Amino acid sequence: MTKKQKPKPSSKTSVVNLDGQDHRFELLAPLSDAAPLVADVTPQVITAAKMSAIARYDWKNRGVACIGYTEGMAVAYASAYARLQAHDPVADRMARPLEPAFQSHGHLKGDALSWYSDQLRAIGMGTATAVERLRALYVLLLGLGMRESSGRFCEGRDRSANNRAADTAEAGLFQMSFDLVAPRAELLDVFHHYQDHPGEGLREIFEVDMRPRENDRDRENFGDPASSGFSFQKLSKECPAMVVEIAALGLREEAGHWGPIINRAAQMRSASKELLQAVERIVDAPAIGAAGPAARGLGAAATPSRADLARRFSAPVRLSTLLPINNGLSSAKEETMISLLGSPHMPLTTVGQNERASDLVKRNLVLERMSPLFRLTGIKPAIDDVKAVLAKAFAQEPDLENVLSTEGMLSVRMRKPTNGSVSTHVSNHAWGTAVDFKVVGFDAPANTGGSVPAFIALLIPLFNKMGWYSGVGFNDTMHFEVSEERIREWAKKKVLK
């Protein structure tokens, strides 16, 4: 087995967490295993975009898009689609299963694809598979970019609004501001990747035939020039590929960031779907590489590929071979969690509202890297436990580090039962003391019956030994949480401040 290449040292960067403090962390660049494949097919993708019906479509109140916008979005989709086949974690997160969307006190929360479900059905689009969800997301992005900026990647902020602070001034194709990005590690990863690699931003494609061209008002940025928000505005108007990826991730988490999404004013067109399907056929074409897109993207010498590893760690293992499970441990009770960690600020829904975390939880939150693919936010003693468990797991199975991913840790919400009626109890995720795992390219395992994926079989005894309860005890295979016994141990040791 060859020695892994260490990541390049990062610049000093921080993220403001829920406790209001700056937390330093090491930057993680999105993976680009499929980059050689995308470079090969880009001319064909551009030709398909030029010939597409959506390139000639008269968008409501916006007119026909400049050809560079349609071409650029097609190439950006080719990259996302190829990366999804290569089990890239950024594309994997874009295409994850749907979450709810709802209005709360006049604000839209949750997943834009759920919010647009009627419009998706109207143009014959489903969301059952990862590819369908990725395609639907980029159909929505095509309409959102026209609505927000008329397809002009260098668009400055809307001068009729009063958002002039570094973190709230909007910029770029989708008129995003840094306050969407700052609290979300996966969005920050994309931002920092393009800070280091601005040449990958596809500007030369997006600017073709753009009308009007960039002007002095577009170039103006707002706030402290030394701030991350100021840098984000500037880069948003220079690297359209970056804003496409950030908007794609953001739409799945915080649909209410965009007025046209709230009002469902971003158009979803069948012609957009047809273009993206044509792009998929180009990426999948046998002539591009007989081994298929995933293998071609990783390179012929890459053995095994990430897809191979993901399949291996997803292979079923009989639960009977793992018994006993959760021996001497019990699921932490809601009353225990509230008494020791405080009550979240109610009311809650089944969609995470992390700003409603209890005051004690906010004081104890940390954001830390767990592997090259993900970070987690949780209370410090829980994060310490998870890091220790994963260190042991990666020592036993070094390849797991290349495919293990997560559905998150802190999520201030109600429980989501795997079956039956809606729960009236607060999820243990609300205290940052529970975590869900998956492998890239596969949906997170929920109720898997009499077997579990191999990676879960590896993690169960390690977490149990640490005093964590496995969710197989209540038919939630992906889930691990601090046990009743472990949380009481923390209370005795007074590890929380």
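Helix α20 is mostly covered in this predicted model. Of its 13 residues, 10 are buried. The buried positions are Phe455, Ile456, Ala457, Leu458, Leu459, Ile460, Leu462, Phe463, Asn464 and Met466. The helix runs over residues 454-466. At 1.5 Å a residue, α20 should span 18 Å, and its end C-alpha atoms lie 19 Å apart, which agrees. The helix has a kink of about 25° at Ile460. This kink comes shortly before the proline Pro461. Ile460 itself is among the buried residues of α20. After the helix comes Gly467, with a positive phi near 95°.

A second feature is the packing of two other helices. Two packed helices are described by the angle between their axes and the distance between the axes. For α8 (residues 185-196) and α12 (residues 240-253), the angle is about 180° and the axes are 10 Å apart. Angles over 145 degrees count as roughly antiparallel, and α8 and α12 are therefore roughly antiparallel to each other. Helix α8 contributes Glu186, Leu187, Val190, Phe191 and Tyr194 to the contact. Helix α12 contributes Ala241, Met242, Glu245, Ile246, Leu249, Gly250 and Glu253. By class, eight residues in the contact of α8 with α12 are nonpolar, one is polar and three are charged.

Both features belong to a chain of 497 residues. Its secondary structure comprises 21 helices and 14 strands. Across the chain, 55% of the residues count as buried. Among contacts between residues at least 6 apart in sequence, 72% join residues at least 24 apart.

Technical notes
Residues are numbered from 1 along each chain as its sequence is written. This is a predicted model: local features need pLDDT of at least 70, side-chain atom pairs count only at pLDDT 80 or more; totals for chains, interfaces and linings use all residues. Side-chain values use heavy atoms; hydrogens and water are left out. Axes are lines fitted to C-alpha atoms, for helices over the stretch in contact, and angles run from 0 to 180 degrees between N-to-C directions. Helices (H or I, at least four residues) and strands (E, at least two) are DSSP runs, numbered from the N terminus. Angles under 35 degrees count as roughly parallel, over 145 as roughly antiparallel, 65 to 115 as roughly perpendicular and the rest as oblique. Contact means heavy atoms within 4.5 Å. Ala, Val, Leu, Ile, Met, Phe, Trp, Tyr, Cys and Pro count as nonpolar, Asp, Glu, Lys and Arg as charged, and the others, Gly among them, as polar. The expected span of a helix is 1.5 Å times one less than its number of residues. The bend at a residue is the angle between axes fitted to the seven residues ending there and the seven starting there. Buried means under 20% relative accessible area, exposed over 50%, partly exposed in between (1.4 Å probe, protein chains only).
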